[in-house]
Amino acid sequence: MADQTLPIHGALDLTPPRESQHTLLDILHDWVITVDHKKLGLMYMMMAIFFLLVAGAEAICIRIQLAVPNNHFISPQTFNRLFTMHGTTMVFLVGMPLVFAWANYIVPLQIGARDMAFPRLNAFSFWLTFLGGIFLYYSFIGGPGLYGTGSAPDVTWWAYAPLTAKAFSPGHATDYWALALIVTGFGTIGGGINIMATVLSMRCKGMTLMRMPLFTWLMFVNGAFVLIVITPLTAAQVMLLIDRYLGGHFFDTQAGGSATVWMHFFWIFGHPEVYVLVFPAFAIASEVIQVFSRKAIFGYPAMVAAVVGIAFVSLGVWAHHMFTIGMTSAGNAFFVLSTSLVGIPTGIKIFNWLATMWGGKIRFATPMLFCTAFLFQFLCAGLTGIMLSVAPWDWQLHSSYFVIAHFHYVLVGAIVFNVFAGIYYWFPKATGRMMSETLGKWHFWLFFIGFHVTFDTMHFVGFEGMPRWIYTYPADRGWQHLNLVVSIGGVIQAIAVLLFAYNLIWSLFKGKIAGNDPWDAWTLEWATSSPPPIYNFATDPVVRSRRPLWDLKHPEDPDWKYD
Amino acid sequence: MLPKWLRVERIVRLAFAFALALSSHALAEGPQTNTHILSPVSTPATQIYQLSLFIIEITGAIFVVVAGLLTFVIIRFRERSGDDQSEPAQVYGSNQVELAWTVIPVLIVVVLFLTTARVIFAIQDAPMPQAALEVTSVGHQFWWEYRYPKQGLVGQDFVAVNELHVPLSSADHPTPTYIKLLSADVVHSFWVPQLMGKIDLIPNHPNDMWIDPLQPGIYLGQCAQFCGVQHANMLLRVYVDSPERFAAWAANQARPAVQDPSVAAGRHVFETQACMNCHVVRGTVATGRFGPDLTHLASRDTLASGMIPNTRDNLRAWIKNPDAFKPGCLMPAMQLTDEQIDQVTNYLETLK
């Protein structure tokens, strides 16, 4: 319909390209030395998907072990390594790279820029993150060190002191863990600075802050947010290594150090980290829901304010992960209040998404299916979050399978679902080909069913009193039936993810040609070709509203009239 | 008032009847107990349970409203076949509506906070009655030590291991047990769901909690903070006895170890091999503090922190190779001969 007008006049440089390189080595060389934001975005994405498959395989091993009581599928030592690696990998090698995958690929296109503000820093940040991943996984072969104990960290992803002290964790596994987090942390800080600088200084003409797409807004807030969030973690890791190698006693309780100081450092990182990971999911939902409901986002200023509010409040809630450590009653009450305050801006976001859909003409293509499921699951995750914020009830629920269910509702039910939505949505832009809708729908329904079989059931396992981190359980507890159901759901999800991986590869070669604007969307990335040329836009675009392509397609009713 | 079948407590009980029905309890002794957080038998656990019902009511109501809206939107506003392809009316927002869905959550937060704060203070700041029993629990990788000081029903101080005995409390004569929580190594967490939520045992950071079990029985739980390889088998058993039975148990625990000349050979092995470096047998030369106190080992129902029944076969196999039961536990296989193992087993079996 509107395709004849796109790409917008002058968007493409029509001079013929130079002789392209064809050998495998040339192509590889091209990717390794690249500073192009789109290639780096795709590299972040490939890294995230690779580690998603690895950590997913670890989760499946965990679920096989727990499917029946007194199982001997893997040893306790192996089990403890697997859940530590699963958690660490999913957070630092899947979740964090995904933040920068989206920010890198989409933000410069959405603001009409040709690249990020600091392209070399961008490449450096990616390779640091990647190096951190190599450090972490090298521990499987390099971990035993001189002592012949352990390979791969086995201290949980919280790594509570003093379990990480030399006395309780000999060998080098914990060192690799700390080192990996320091290195990826620096990569993250580089990425955060880059996003902030890009958004502040690279916007095209006419794009004021309040005309930026919500996606870009969320990424901007996230860029600033990670600078605050990552630093305490990095500081704590440095202190841990000082304890382990230079005779420090920060966390060494046997020498008068404090175990609770580590908890504070870890959670003042750990809680906001959840929002660092979930903001990209919000960002994707904010684009997909608009386009597939065929309506402008409802309450744009409120959405921006809500996200800034969430970021701000979430910096003051960390000790709700520590209700069981024996804080004073007043301390517990304070963190109950601050935690429940997060619910208010979060509620605003959910209501605004619903209001965006209200009165629209909702097209349930695969991206929208995932986003709709996200809305439902994020609602549930928020409500179980309220339950956990109630300190006395948290004394029961903390570290039980109820908590596992709750945060997987956030990390999978909200984040992974929207990551899939985002991939189905922007795959045509990045590759020029559509992903298969048939496979996409199969993927969605299988994953949706598997997700609910696993994680709905897991709440009840928590009510039955099963704690996390246990490699096996006695039959007399009565936990085996529900655990078997949870494990079956895990297998269904694994099948769905493999189907997705197949869809990615199949569509890359055989997918329908997408064209520049397959979803009839409204933001600037759809104004250039698919895939975009290396320079994105040959001439700088000029925008007059939040939806420049809507203005172009509907000259009779442009957004800027209401701006 | 809602009709009875609609009351949340009833709905919650029905919903979990499914889960409860699936649970089987192999423990024959004592009344039926479980590890569920929704069947409290002591005051703090009951207060938490009642608070949780209120929270379920509120979150349930929010769920019904918002999920209902979402369902309505999905059905009502989906694109239909034969649509004219025109774009729907564009609505950019409404300050009144934004205000409404900001103010209502604020009110909910206020209610939630006040209700929660009341329960926090009621449990955490409850004054300790005179009749309370005070026990110190020390977490070790991967077992529990309980120190009983001389007071009330306890005639003389002693140390018990892995099986915590406490007197039954009642509404008219409350005899709660206050547990001081310490750790000898890493962070552990004390969690017996029917009695109280969990509180951590942190080195250099003493904590406390209290329980007042209102029904006799054996209540189960386990360590709830990852503490190393055998975290999964750091099981908790709390025996709630009538005051008379508790006093009798305490009197027996306070006695030094039984000295039975017929097992002198086993005692000799115990005291000349490395056993005594880690274990206490009160009244003998064995005074090691690293492992569990064995003075009254034979009076316990279980071995290896609640993992296996305390039978002769299990005890013998445990001494021969603890790793066979509990891989990664800190007790080494001492490479005793079969004869020595038999002798030590005979000796330990007399420690009633």
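In what sense do strand β1 and strand β2 of chain B pair, and over how many bridges? Select residues 133–140 for β1(B) and 143–148 for β2(B): the two strands run antiparallel and are joined by five bridges. While you are there, pick out Thr136(B), which faces Arg147(B) in β2(B). Keep in mind throughout that this is a predicted model.

**The five-stranded sheet**

Now widen the selection to the sheet that holds this pair. It is open and mixed, with five strands of chain B in the order β3-β2-β1-β5-β8. Colour β3 (158–161) and β8 (207–211) of chain B separately: these are the edge strands, and each has a single partner, so one side of each is left without a neighbour in the sheet. Looking along the sheet, you will find neighbouring strands turned by 25 degrees against each other on average, direction ignored.

**The three-stranded sheet**

Next, show β4, β10 and β9 of chain B. They make an open sheet in the order β4-β10-β9, again with mixed pairing. Zoom in on β9(B) and β10(B), an antiparallel pair with six bridges. Within it, Gly221(B) has Leu236(B) of β10(B) as its bridge partner.

**A helix that visits both sheets**

Select residues 243–254 of chain B to bring up helix α4. This helix lies across β1, β2 and β3 of chain B, at about 105 degrees to β3(B). Turn the view and you can see α4(B) lying across β4 and β10 of chain B as well, at about 135 degrees to β4(B).

**Where the two domains meet**

Finally, colour chain B by domain: 30–67 + 95–254 for domain 1, and 261–349 for domain 2. Their C-alpha centres are 31 Å apart. At the interface, 21 residues of domain 1 of chain B touch 20 residues of domain 2 of chain B. Together the two domains bury about 1,700 Å², with 47% of that on carbon and sulfur atoms.

Which side chains form the salt bridge here? Show Arg289(B) and Glu145(B), whose N to O distance is 4.0 Å. The count between the two domains of chain B is one salt bridge, and there are 13 residue pairs in polar contact across the interface. To see what domain 1 of chain B brings to this contact, highlight β2, β3, β10 (235–241) and α4 of chain B, the elements that give two or more residues to that side.

Key
Residues are numbered from 1 along each chain as its sequence is written. Chains are lettered from A and ligands numbered from 1 in the order in which they are written. This is a predicted model: local features need pLDDT of at least 70, side-chain atom pairs count only at pLDDT 80 or more; totals for chains, interfaces and linings use all residues. Side-chain values use heavy atoms; hydrogens and water are left out. Two strands pair if DSSP finds at least two bridges between them. Helices (H or I, at least four residues) and strands (E, at least two) are DSSP runs, numbered from the N terminus. Axes are lines fitted to C-alpha atoms, for helices over the stretch in contact, and angles run from 0 to 180 degrees between N-to-C directions. Contact means heavy atoms within 4.5 Å. Domain bounds come from an automatic or database domain assignment. Buried area is the accessible area (1.4 Å probe) that two parts lose on being put together, summed over both. A polar contact is a pair of N or O atoms within 3.5 Å; within protein, one must be able to donate a hydrogen and the other to accept it, and residues adjacent in sequence count only if both atoms are side-chain atoms.
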